[in-house]
Amino acid sequence: MDKIRVIVEFIKAEHIVEQLKNNLQKTDGEQDDEILKTERAVGICSAALLELREYVNHSNFKNKGEEIHFFKVTKPFVLGEYLYYSKLWEILIRQPVTSVKRRKKYLKQMISRVQDFFNDNPEFYLYYRSGSTHMDDKYFVRGGISCTLSCQHFIFDPYFSTNYDYTLAAIKANEKIAAYCNAQINRLKPRGNSLSIRTDMFWSLKKRALMQIIYGIYYTEAVNNGDIHINELVSGFESLFNVKLFGFYHTFYEIVQCKKQPFWYLDLMKETLLRRAEESDENKRRKKGTTGIKTGTGKRNENNF
């Protein structure tokens, strides 16, 4: 019975996350003013956080591993979305509208602040980016919260907080803010002396398929010898294929967590190219075969050579 209860509770937490994603996607697809959509997204994220807190207050984790997963994956994603949309709303209402130059300067200042945040948390940021796990029981298990944890954190509650779940959420939010600001700066750049880019190309498959390509390019360092941030690659593909790739960091996590063919699109591309190559070779062999057809006189047709 306890096992069933734990499974039900886990499903409920995952349901909150999936519902949040769906609600944010619906909001993004609306035609309203960007500020209004962002404000609505903040409210959606806030409601999801309250649901998560209620879930934790009325549930017990089966073991330390489940607790770590919640405070390292589930809560930081939801809280990260809340922090991202809250900051995005602030950027939207404060950004200059009088000139492109002032707007670009403002966006660069936002990126600089993001970098300052990363510089202030170098060890944990490296821990996060490297995918390390050896300190998880200290970072993402409740009890003995450090005095460095600010009481201004959303829903500060020792039973709903660990030493670093907020910091991880802030990292995720800041990465998205940097990606947004970089994308906006690129859109503000004059296009007069640059190569023209077609605007009638649209990505027609699942966004996860495109993300597999982007991350493949990123991790093989195929662009600028690897001297490029994933945010910039994503922004470039968004412009090229007229698509929005929100939550791409979490999308990659979902891809690698897939048990069955996590990189199905890359596998499909490889299989398709190999099949086309085989078909091309077969066509060449057939053409060569026709060159050896004999004429009615029993001699080869010399015109075929």
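Predicted model: local features only at pLDDT ≥ 70, side-chain atom pairs only at ≥ 80, totals over all residues.
1. Which residues make the contact? From α8 come Arg208, Met211, Gln212, Tyr215 and Tyr219, and they meet Phe248, Tyr249, Thr251, Phe252, Glu254 and Ile255 of α10. By class, the residues of this contact divide into seven nonpolar, two polar and two charged.

2. Now α8 by itself. The helix has 13 residues and spans 18 Å from its first C-alpha to its last, close to the 18 Å expected at 1.5 Å a residue. Buried residues in α8 are Ala209, Leu210, Met211, Gln212, Ile213, Ile214, Tyr215 and Tyr218. Met211, Gln212 and Tyr215 are buried and also take part in the contact with α10.

3. Have a look at what follows α8, too: Glu221, just after the helix, takes a positive phi of about 55°.

4. On confidence, the mean pLDDT of the protein is 82, with 83% of its residues at 70 or more. Residues 1-8, however, have pLDDT below 50, and beyond near neighbours in sequence this stretch has three contacts in the model.

5. Residues 147-155 are another stretch to read with this in mind: pLDDT stays under 50 there, and the model has 18 contacts for these residues beyond four places in sequence.

How values were computed
Residues numbered from 1 in each chain as written. Heavy atoms only, no water. pLDDT = per-residue confidence, 0-100. Contact = heavy atoms within 4.5 Å. Helix = DSSP H or I, 4+ residues; strand = E, 2+ residues; numbered from the N terminus. Nonpolar A, V, L, I, M, F, W, Y, C, P; charged D, E, K, R; others polar. Expected span 1.5 Å × (residues − 1). Buried < 20%, exposed > 50% of the residue type's maximum accessible area, 1.4 Å probe, protein only.
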